[in-house]
Structure formats: C-alpha cells, structure tokens
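Here is a short report on how one protein chain packs. Keep the sequence and the 3D view open while you read.

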Amino acid sequence: MRTADDVRARFIAAAGEITQALGFGRNIGHIYGHVYLSARPQSLDDLCAALGISKGSASMSVRQLEQWGALKRVWIRGARRDYFEAGLELGRIARKAAADMAGRTDESVGELLAESERWLKGQRRNTRSPEDIAFLLERIHHMQQFRTRARWLLNSAPVRLLLKK
C-alpha cells in the first residue's frame with residue numbers, strides 16, 4: 001500500500017467480498033465501506049461515480065443498508081438530493097444483517113419442512129415402503145428440532161450482548 005487511497009480501495013474490496021460471501025451482494029459491502037471511510041456524507045451520484053455502479057444498484061443497496069442501520073440519511077442545507085453517513089454501531093448492524101439473512105433462510109426452510117412432512121404423512125397409506133416414509137419423517141423432525149434450537153440461540157442473551165455494539 002502506497003497511499004491512503006490504496007488503503008481505502010483494499011478495505012472497500014474486502015467489504016464487498018465479505019458481503020458477497022454472506023449472500024448479500026458485493027455492492028452492499030462496497031457502498032458501506034466507501035461511506036464508512038468517507039469524511040463527508042455521500043449521495044447516490046457520489047457512490048455511483050466512486051464505485052462505478054449503476055444508480056439502480058446503488059439505490060437498492062442503500063435501501064438495504066438503511067434497513068440494517070448501516071447507513072443513515074443526513075440533511076445538507078441547500079441540497080436537493082439525499083446524502084448518507086455510515087452507522088457506527090457495528091454489532092447492531094451485524095445483528096440486523098444476520099437476522100435478515102437467518103430470517104429469510106429460516107422461513108424458507110420452515111416452509112420446506114412443513115410441506116415435506118404433510119406430503120410424507122399423506123403417503124403412508126399409498127406407499128410400498130412405510131419404513132422409508134418413517135425414516136424421512138424422523139429426519140425432518142430432527143431438522144425441525146435443530147431449527148428450533150438455532151432460533152433460540154440466535155435470540156439468546158449472550159448473542160445479543162455480543163452483537164450489541
């Protein structure tokens with residue numbers, strides 16, 4: 001690294017890799033990293049120019065970051081566009097992002113487990129292999145128990161305390 005801009009570029013790239021690995025998309029990390037390392041509030045146009053992304057992509061990513069509290073709108077006197085600053089409560093941001101990710105995954109897994117269980121129970125009389133149905137139902141029940149414990153853990157006091165700030 002030779003300059004402060006090199007530090008910024010590496011940080012922004014790393015933030016994008018992290019958010020992409022978590023399934024949120026690279027632009028979310030790039031935008032948060034850029035705004036986090038900016039001394040002054042950033043507009044959508046600023047983000048598009050600095051990061052080389054489309055306004056539509058920037059807008060969607062900013063909306064997601066706002067929901068997590070990672071970005072907040074700030075008012076600039078005389079400005080007609082929205083400007084954003086980075087939220088600094090990293091634990092709270094991580095908790096909201098994790099809840100968002102876990103919530104979407106948990107909901108789809110829950111629906112899959114319930115639908116599979118209903119279907120399998122309906123097949124008990126229509127199958128030549130009741131043992132196979134019983135085995136699958138037992139495995140689904142096992143996954144449902146794990147899902148219940150994981151949801152409890154994510155909402156437990158130690159995890160909430162760890163991700164408080």
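In which helix is H34 found? H34 is found in helix α2. Helices (H or I, at least four residues) and strands (E, at least two) are DSSP runs, numbered from the N terminus.

This is a predicted model, in which local features need pLDDT of at least 70, side-chain atom pairs count only at pLDDT 80 or more, and totals for chains, interfaces and linings use all residues. Residues are numbered from 1 along each chain as its sequence is written, and side-chain values use heavy atoms, with hydrogens and water left out.

H34 is buried, with a relative accessible area of 14%. Buried means under 20% relative accessible area, exposed over 50%, and partly exposed in between (1.4 Å probe, protein chains only). Leaving aside neighbours within four places in sequence, H34 is in contact with I12, Q42, L47, A50 and L51. Contact means heavy atoms within 4.5 Å.

**Helix pairs**

Two helix pairs can be set side by side. Axes are lines fitted to C-alpha atoms, for helices over the stretch in contact, and angles run from 0 to 180 degrees between N-to-C directions.

| Helix pair | Axis distance | Angle |
|---|---|---|
| α1 and α2 | 7 Å apart | about 145° |
| α3 and α4 | within 9 Å | roughly 115° |

The crossing of α1 and α2 is right-handed. A crossing is left-handed if the near helix is turned anticlockwise from the far one by less than a right angle, and right-handed if clockwise. On the α1 side, the contact is made by F11, I12, A13, A15, G16, E17, T19 and Q20. On the α2 side, R26, I28, G29, H30, G33, H34 and Y36 take part. By class, this contact has six nonpolar, seven polar and two charged residues. Here Ala, Val, Leu, Ile, Met, Phe, Trp, Tyr, Cys and Pro count as nonpolar, Asp, Glu, Lys and Arg as charged, and the others, Gly among them, as polar.

α3 passes α4 in a right-handed crossing as well. L44, D45, L47 and C48 of α3 meet K55, A58, S59 and V62 of α4. The class count for α3 with α4 is five nonpolar, one polar and two charged residues.

**Aromatic pairs**

How many aromatic pairs does a search of the whole structure find? It finds three. Rings of Phe, Tyr and Trp (its six-membered ring) pair if their centres lie within 6.5 Å; planes under 30 degrees apart count as stacked, over 60 as edge-to-face and the rest as tilted.

F11 and Y36 are stacked, because their ring centres are 6.0 Å apart and their planes lie at 20°. The pair links distant parts of the chain: F11 is in helix α1 (residues 4–21) and Y36 in helix α2, 25 residues apart. F11 is partly exposed at 36% relative accessibility. Y36 is partly exposed at 34%.

F24 and W68 form an edge-to-face pair, because their centres are 4.7 Å apart and their planes lie at 70°. F24 lies in the loop between α1 and α2 and W68 in helix α4, so the pair ties together parts 44 residues apart in sequence. Both residues are buried. Ring pairs also link F11, Y32 and Y36 into a cluster.

**Nonpolar cores**

A nonpolar core is a set of buried Ala, Val, Leu, Ile, Met, Phe, Trp, Tyr and Cys residues joined through side-chain atoms within 4.5 Å. The largest core has 19 residues, of which I31, Y32, V62, L65, W68 and L71 touch the most other members. α2 (26–36), α3 (44–51), α4 (55–68), β3 (83–86) and α5 (90–123) each supply at least two residues of this core. A second, separate core of five residues includes L113, L120, I133 and I140.

**A buried serine**

S43 is found in strand β1 (residues 42–43). S43 is buried, with a relative accessible area of 0%. Beyond residues up to four places away in sequence, S43 touches R81, D82 and Y83.
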